[in-house]
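Hi,

Here is the structure I said I'd pass on to you.

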Amino acid sequence: MSEFIIELKNVSRFFGSVIALKDINMQVKLGEVHCLLGDNGAGKSTLIKTLAGVHAPSEGEYYLDGKPVVFKSPVEALDAGIATVYQDLALVPLMSVTRNFFMGRELTTGRGIFKRFDLEKANRIAQAGMAEMGINVRDPSQAIGTMSGGEKQCLAIARAIHFGAKVLILDEPTAALGVKQSANVLKVVAKAKARGLAVILITHNVHHAYPIADRFTLLNRGQSLGSFLKSEVSREDVLEMMAGGQELDELTAELEEFSRLDATA
Ligand SMILES: Nc1ncnc2c1ncn2[C@@H]1O[C@H](COP(=O)(O)OP(=O)(O)OP(=O)(O)O)[C@@H](O)[C@H]1O
Ligand SMILES: [Mg+2]
């Protein structure tokens with residue numbers, strides 16, 4: 001087994017004349033939460049889509065557990081153990097918790113023309129998977145649309161873990177959530193890490209990123225400004241590295257200036 005579950009060497013991705021990623025080097029370890037930081041348009045989503053098999057790298061190499069890989073589709077990446085939970089969650093609102101849990105990987109019973117979805121067993125597994133994430137689903141046949149945002153995130157994560165993901169990629173999982181639900185999702189991330197998975201997390205919230213991350217990689221206009229262990233950077237450093245730290249300082253100064261002008265007017 002390689003030291004890193006995922007390693008990128010000089011990976012670039014171009015869209016026509018747009019350079020979305022340039023010479024990215026990145027290493028991800030099992031049992032670690034790796035936080036991807038950067039301003040809007042920095043290339044974070046493009047990077048995880050490259051890891052997830054949505055985009056092929058235009059240049060550079062992608063190693064999975066030490067072996068070079070070229071995924072032709074997201075399904076290939078998923079089969080290799082790389083599960084991605086996108087912000088817009090690929091769940092079907094009117095379908096049940098169980099159906100969503102097993103979507104694309106239906107559990108069947110019987111043979112030939114007698115083959116059918118084994119709903120009872122699937123219900124039990126979905127319910128147990130959710131319970132392990134701290135979510136009590138009373139009725140697994142309830143439509144997913146009736147669940148809260150945090151619960152849906154947890155379902156997507158529970159599903160990934162159940163199907164044997166080694167790497168869990170989360171693109172802004174807490175962006176649309178309140179305090180309590182965000183905490184729930186972050187706890188699930190901590191659980192995934194404790195189970196030995198590698199988690200790659202994108203978030204704009206320093207209060208979410210800092211306590212849970214082991215390592216940070218900072219992207220800026222498609223380029224990596226480096227990876228840092230948590231012991232090497234303070235919370236303030238991370239805040240500075242996140243979306244527009246400098247701009248925020250300037251804005252604060254400007255607002256202070258306005259209030260001074262107001263006071264003298
Ligand atoms: N399919 C595409 N075709 C053309 N350009 C693209 C495509 N996908 C991304 N880009 C460009 O690549 C750059 C990086 O975009 P990306 O979505 O990766 O940023 P991001 O860091 O995820 O930003 P945000 O924080 O706003 O989600 C942007 O300039 C974007 O316009
Ligand atoms: Mg994005």
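**Helix H5 and the rest**

Helices (H or I, at least four residues) and strands (E, at least two) are DSSP runs, numbered from the N terminus.

Before going on, keep in mind that this is a predicted model: local features need pLDDT of at least 70, side-chain atom pairs count only at pLDDT 80 or more, and totals for chains, interfaces and linings use all residues. Residues are numbered from 1 along each chain as its sequence is written, while chains are lettered from A and ligands numbered from 1 in the order in which they are written.

Back to H5. It is mostly covered, with 11 of its 14 residues buried. Buried means that 20 or more other C-beta atoms, placed from the backbone, lie within 10 Å of the residue's own. Among those buried residues are Glu151, Lys152, Cys154, Leu155 and Arg159. What covers them? The cover includes helices H3 (97-101), H4 (119-132) and H6 (179-194), plus strands E6 (82-85) and E9 (167-171). After H5 comes Gly164, with a positive phi near 80 degrees.

Zooming out, the protein chain has 9 helices and 12 strands. Of its 265 residues, 40% count as buried. The C-alpha trace spans about 80 × 45 × 35 Å along its principal axes.

The domain assignment (automatic or from a database) gives domain 1 (6-93 + 158-232) and domain 2 (234-265). Their centres, taken over C-alpha atoms, are separated by 30 Å. In all, 9 residues of domain 1 are in contact with 7 residues of domain 2, where contact means C-beta atoms, placed from the backbone, within 7 Å. On the domain 1 side, H7 brings the largest share, 3 residues.

Now the ligand. Around ligand 1 you'll find Phe15, Val18, Ala20, Gly38, Asn40, Gly41, Ala42, Gly43, Lys44, Ser45 and Thr46; a residue is near a molecule if its C-beta atom, placed from the backbone, lies within 6 Å of it. Strand E2 (18-28) and helix H1 (44-51) each supply at least two residues of this shell, and H1 gives the most, with 3 residues.

Terms used
Buried ≥ 20, exposed ≤ 12 C-beta atoms within 10 Å, placed from the backbone. Contact = placed C-beta atoms within 7 Å.
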